[in-house]
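Here are my notes on this two-chain model, as numbered points. Have a look at the model first, then read on.

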Amino acid sequence: MFAAIRPDDWDLPLFLHVVGAMLLVAGLLTGGTALAIARGQARLLRLGYFSLLAMALPGWIIMRAGAEWIYDKEGFSGDDDPAWLGIGYVVSDAGGLLLVVALILGGFGVRRLGRGGGSRLLTATAVLALIALVGYLVAVWAMGGKPD
Amino acid sequence: MSLDDWLIALHLLAAFALVGAILGFWAMLVAGWRTDRPGDVQAIFRLGPYLNAAVAIGAVGTLALGIWLAVSLDAYEVWDGWVIAAIVLWIVVAAAGERAGAEYARAERRAEELLRAGRDGPSEEVRSLVRTRRGLALQAIATVAAVLILADMIWKPGA
């Protein structure tokens with residue numbers, strides 16, 4: 001029950017925004033957890049990294065595109081935008097930056113797995129992914145509850 | 001924030017936990033698809049309890065808070081068509097997801113048995129258990145039903 005009454009033409013961009021956000025959270029949850037519990041197991045480290053790459057990154061792009069689309073539909077201008085919208089934008093962009101850094105570090109880590117290294121880089125990737133996850137859960141709370 | 005605002009926010013967080021875990025299980029299935037070594041299967045399935053916890057929180061939270069919202073908000077009733085559709089789809093997600101989990105638990109158990117017997121070589125049996133078509137079909141049904149719930153929540157047909 002995401003919103004009470006809204007014009008019908010807001011539904012598709014909202015659906016896209018939420019699907020993207022769910023994919024993003026799924027990737028961060030799966031990737032961050034797998035990397036955090038892997039204890040050096042290469043199979044689980046790869047699963048964690050590729051969850052971030054194949055789920056969280058596309059999810060962020062879809063979520064962000066949907067956000068811009070619905071922002072435009074709702075007629076916000078940047079002046080006196082509500083607080084929940086500001087929280088959403090700040091977390092979305094900061095989390096996106098964390099995700100990109102996590103993917104770069106993790107990419108080097110995964111490349112080194114075959115030579116028996118890379119686990120420290122992938123631990124850093126896990127920490128960044130889990131921080132981003134917490135941020136996005138705060139954003140989901142703000143999008144749902146719409147605090148003043 | 002009013003009580004209803006909190007209910008909506010927590011309902012949404014529960015939905016993210018549920019869908020996040022369902023998609024996480026897909027990542028496990030894809031990772032396991034080309035695996036035939038019991039040790040690798042066991043490593044992948046170590047993620048399972050965390051995703052199961054998210055499913056439990058998400059499933060209970062979406063249903064309980066969703067019904068509470070339908071009762072609390074003046075605009076909606078529990079017997080509205082789109083609310084009933086969401087509850088039916090939730091039952092489909094829960095039933096299909098639980099049965100998919102039971103299918104994949106067989107692969108996990110067999111991998112553990114082989115490891116206890118000191119056998120971590122490639123196993124055709126483990127490979128076929130991980131590639132269960134029944135499990136894959138049930139997981140697909142749970143996923144499609146979850147996406148339909150999301151569409152139902154946004155478009156609210158008949159509301």
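**Notes on the two chains**

1. Chain A has four helices and zero strands, where helices (H or I, at least four residues) and strands (E, at least two) are DSSP runs numbered from the N terminus. Along the sequence, the pattern of chain A reads α-α-α-α. Its C-alpha trace spans about 55 × 25 × 20 Å along the principal axes of chain A.

2. Some housekeeping before the details. This is a predicted model, so local features need pLDDT of at least 70 and side-chain atom pairs count only at pLDDT 80 or more, while totals for chains, interfaces and linings use all residues. Residues are numbered from 1 along each chain as its sequence is written, and chains are lettered from A, with ligands numbered from 1, in the order in which they are written.

3. Chain B comes out with six helices and zero strands, running α-α-α-α-α-α from the N terminus on. The C-alpha trace of chain B spans about 60 × 30 × 20 Å along its principal axes.

4. On burial, 43% of the 148 residues of chain A count as buried, and for chain B the figure is 40% of 159 residues. The cut-offs: a residue is buried if 20 or more other C-beta atoms lie within 10 Å of its own, exposed if 12 or fewer, and partly exposed in between, with C-beta atoms placed from the backbone.

5. Next, contacts inside each chain. Two residues are in contact if their C-beta atoms, placed from the backbone, lie within 7 Å. Taking contacts in chain A between residues at least 6 apart in sequence, 78% join residues at least 24 apart. In chain B, 82% of the contacts with a separation of 6 or more are between residues 24 or more positions apart.

6. Now the interface: 30 residues of chain B are in contact with 31 residues of chain A. On the chain B side, the elements that give two or more residues are H1, helix H2 (38–45), helix H3 (48–72) and helix H6 (133–155). H1(B) supplies the largest share, 14 residues. By class, that side of chain B has 23 nonpolar, four polar and three charged residues; here Ala, Val, Leu, Ile, Met, Phe, Trp, Tyr, Cys and Pro count as nonpolar, Asp, Glu, Lys and Arg as charged, and the others, Gly among them, as polar.

7. How does H4(A) lie against H1(B), residues 3–33 of chain B? Their axes come within 7 Å and cross at roughly 135°; axes are lines fitted to C-alpha atoms, for helices over the stretch in contact, and angles run from 0 to 180 degrees between N-to-C directions. H4(A) and H1(B) are therefore oblique to each other, given that angles under 35 degrees count as roughly parallel, over 145 as roughly antiparallel, 65 to 115 as roughly perpendicular and the rest as oblique. From H4(A), the contact uses A:Leu137, A:Val140, A:Trp141, A:Met143, A:Gly144 and A:Gly145, and from H1(B) it uses B:Asp5, B:Trp6, B:Ile8, B:Ala9, B:Leu12, B:Leu13 and B:Phe16. Sorted by class, these are ten nonpolar, two polar and one charged.

8. H1(B) also packs against helix H2 (residues 42–74) of chain A, at an angle of about 125° and with the axes 10 Å apart. H2(A) and H1(B) are therefore oblique, and their crossing is right-handed. The residues involved are A:Arg43, A:Leu47, A:Ser51 and A:Met55 on H2(A), with B:Leu23, B:Ala27 and B:Ala31 on H1(B). They divide into five nonpolar, one polar and one charged.

9. Most residues other than glycine have a negative phi. A:Lys146, though not a glycine, has a positive phi of about 45°; A:Lys146 sits in the segment after H4 of chain A. Phi of B:Lys156 is likewise positive, near 45°, and B:Lys156 is in the segment after H6 of chain B.

10. Last, a loop residue: A:Gly117 lies between helix H3 (83–113) and helix H4 (119–145) of chain A. With 13 other C-beta atoms within 10 Å, A:Gly117 is partly exposed.

Conventions. Left-handed = near helix turned anticlockwise from the far one by under 90°.
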